[in-house]
Amino acid sequence: MVTNTLPRRRSHCLRTQVLILAGGSFVANLPAFAEEIDVSRLPTIVVVGHAESDIARQPGAVTIVTTEELTLKQPRSTEEALRTVPGVTIKPEEETAIVANIGVRGLSSADYKTLILEDGVPVAPGLFVGNGRYYNPRVQRMEGIEILKGAASLRYGPSTIGGVINYITKQPRDGVELAVRTGSFNTREASLELGASTASDEARFGALVTRARSDGFMDKGYDMTDVVLKMGLDIGSNQRLSIKYTDYDNDANISYRGLFLRDYQSGRDYNPAPDDWFLTGRRSLDLNHEWLIGDSARLNTLVYGSEMHRNYWRYATDNAASAAAGRWVYTDNLNGNNREFERFGVESRLQFEHAIFGIANEAELGLRYMDEEMQDRTVAATRATPRTGTINKDVIDSAESLAFYAQNRFLLTERFSVTAGLRAERYEQQRKDRRRSVAQGNQADSSNTELLPGLGVTYQFTPELQMYASVYKAFSPALNGDALNGLDDQQLDAERSVNIETGVRGGGKRLKYELALFRMQFDNQIIPANSNSQFQVTNGGKTLHQGIEAGLGLALGAGFSLNANATYIADAEFDGDRFTRDGTLSTPDGNRIPYTPEWVANLTLEHEIGGLRSALSLHHTGAQYTDVTNTREIAESLTGFFTGRIDSYTVLDLSLVYDVSRNLSFGGTIKNLTDERYIASLRQGIYVGPERSFDVAARYRF
């Protein structure tokens, strides 16, 4: 059960899209930084902020998933928590989302062009060196989520084409809390939260330990342990220090393989790869320092490091026998596709107020250095010795990056502000094959420099209506495996996009709303080398993504409230024909980007009476193609991914929380209330969306 770690807000508003205006107008004489600091929170780098005026400062769409919503909805994963965010699409391949599948505004949910942070720190295993989807932070450690789109996201790059998602972990609280949950698939989960502080509140400590086991939907079981330790210390009257350590391990019985079409249509629900295992572990250490320099400046410095392993053991298939059986049949040989990641980074941000040109200004300057390394090793093993064998691949991918950014918000009037920013990023990538000698040519290098300008405006028409707009250039680097494929510099440019958006937001006591139009124009979208070897030495081409997203929250009275949002992706398409190296047409002009449904919609009816809160939520995902050729009928493949068009689907969830007292509460959920059977995605087989399931939970605070 997700515990409520912030004071409860009983307002009936749009909880997944908090739209807070700064008292109806922008104030030229801004409050001093010292007055904005919440000393009860440990210092961290945030994307939006905690003050009510922070959302109105952003020249782009902002969504905040609150503690209250996490407590009520009781999601099993961060991916599920993001499902109701406007503009976001997910692929629910398994109920706890061990591998992230998150798309934003027409960017494929099978890709990684949206930056994902935890407390301001990148959590993707590799921003430059490898697939960023192999680690997905656990929802049990979260108290909220910030989602920022538009030009202001430039400060946090790279890979901010779709914006920034920042998971906010729980703050230490004095006392002890025990939360337990059990439910379908023999799921058992327990979380223990501890916290203490000194009498003067100058030092704080917190610990959160979660243990979870489950047989999993379709017998895709997992065994997970997640530990978060936090400490904070005030240094004098104007400096604070915090340390966060995390330790995560998860052994999951999952694979890329799914069902064959006949078994899916007949309602089968077995694990199609019962002996494949996805083993992950991650340890991280973050050090945050905050220094208030007078009344109008603040310096935040962050030092972070992490190490992670992802060992993926997969059995080979007997394709002839599989075709005859209509399901995967395995041999006694398997491969360990094993990767180890290391990252070290230092980032410093200076925020200050000034009065250049005789007007109020808010400025931010930042510098970040980051070093990444990935060891990519393939081990050929047998069923008799399934975790050891012959090393067939041993490659080291590494990258160094240095970034500088500057942003200034000009408060031209009490209603009108202009934000201008620039990010410069230089990165160097290297690949080394440890199984080859120098004489054989065992190393390749590549480098790029990106200059990314951005401009945004906000205008407060009335206390109930604010307009915003922005245009900026964003990029996502070509990963080492593509940029240096074959130990040659493939001369791949970064994926670059010019993003434009404009919107309005606001509301009053009973109504909250936001409406945004957006357009992303790629001049170069990379074709990954592992998709088709024909494209290993080519840049991709132009793509266009544009649409509209809207959110509405309405207090109906008598304890009822309605929250709704919808995203329409009018275009997510290839701009121009694409050809293989031998001249064959591979992707026709106008074909739709895979895993980009036209429509995604969410509707939630909430009710509160006394200590009982309930929510009935509807989630709709439109039809989507799964390959660049836009195949319509599902086609099976024994040597690659299945292809075809996935039908739209709609699921209903019901959740309840009853607060017996301030210390004791009970909760329960029914996911997929109508037991809708649907296809979530196509890989080497059909991934079936999770069936109807039940959870019950309890929380007690000592």
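This is a predicted model: local features need pLDDT of at least 70, side-chain atom pairs count only at pLDDT 80 or more; totals for chains, interfaces and linings use all residues.
Which residue forms a salt bridge with E93, and how far apart are the closest N and O atoms?

View 1. Residues are numbered from 1 along each chain as its sequence is written, and side-chain values use heavy atoms, with hydrogens and water left out. The partner of E93 is K91, and the closest N and O atoms are 3.2 Å apart. A salt bridge is defined here as a side-chain nitrogen of Lys or Arg within 4 Å of a carboxyl oxygen of Asp or Glu. E93 is buried, at 7% relative accessible area, and K91 is buried at 2% (buried: under 20%; exposed: over 50%; partly exposed: in between; 1.4 Å probe, protein chains only).

**View 2. The salt bridge between D234 and R204.** The closest N and O atoms of this pair are 3.3 Å apart. D234 belongs to strand β11 (residues 222-235) and R204 to strand β10 (residues 203-214), so that the pair links distant parts of the chain, 30 residues apart (strands are DSSP runs of E, at least two residues, numbered from the N terminus). R204 is buried at 8% relative accessible area, whereas D234 is partly exposed at 21%.

**View 3. The salt bridge between R434 and D394.** Here the closest N and O atoms are 4.0 Å apart. R434 is partly exposed, with a relative accessible area of 48%, and D394 is buried at 8%.

**View 4. A network of salt bridges.** E118, D119, R141, D226, K244 and D286 are linked in this network. The model has 50 salt bridges by the rule stated above.

Methods: Helices (H or I, at least four residues) and strands (E, at least two) are DSSP runs, numbered from the N terminus.
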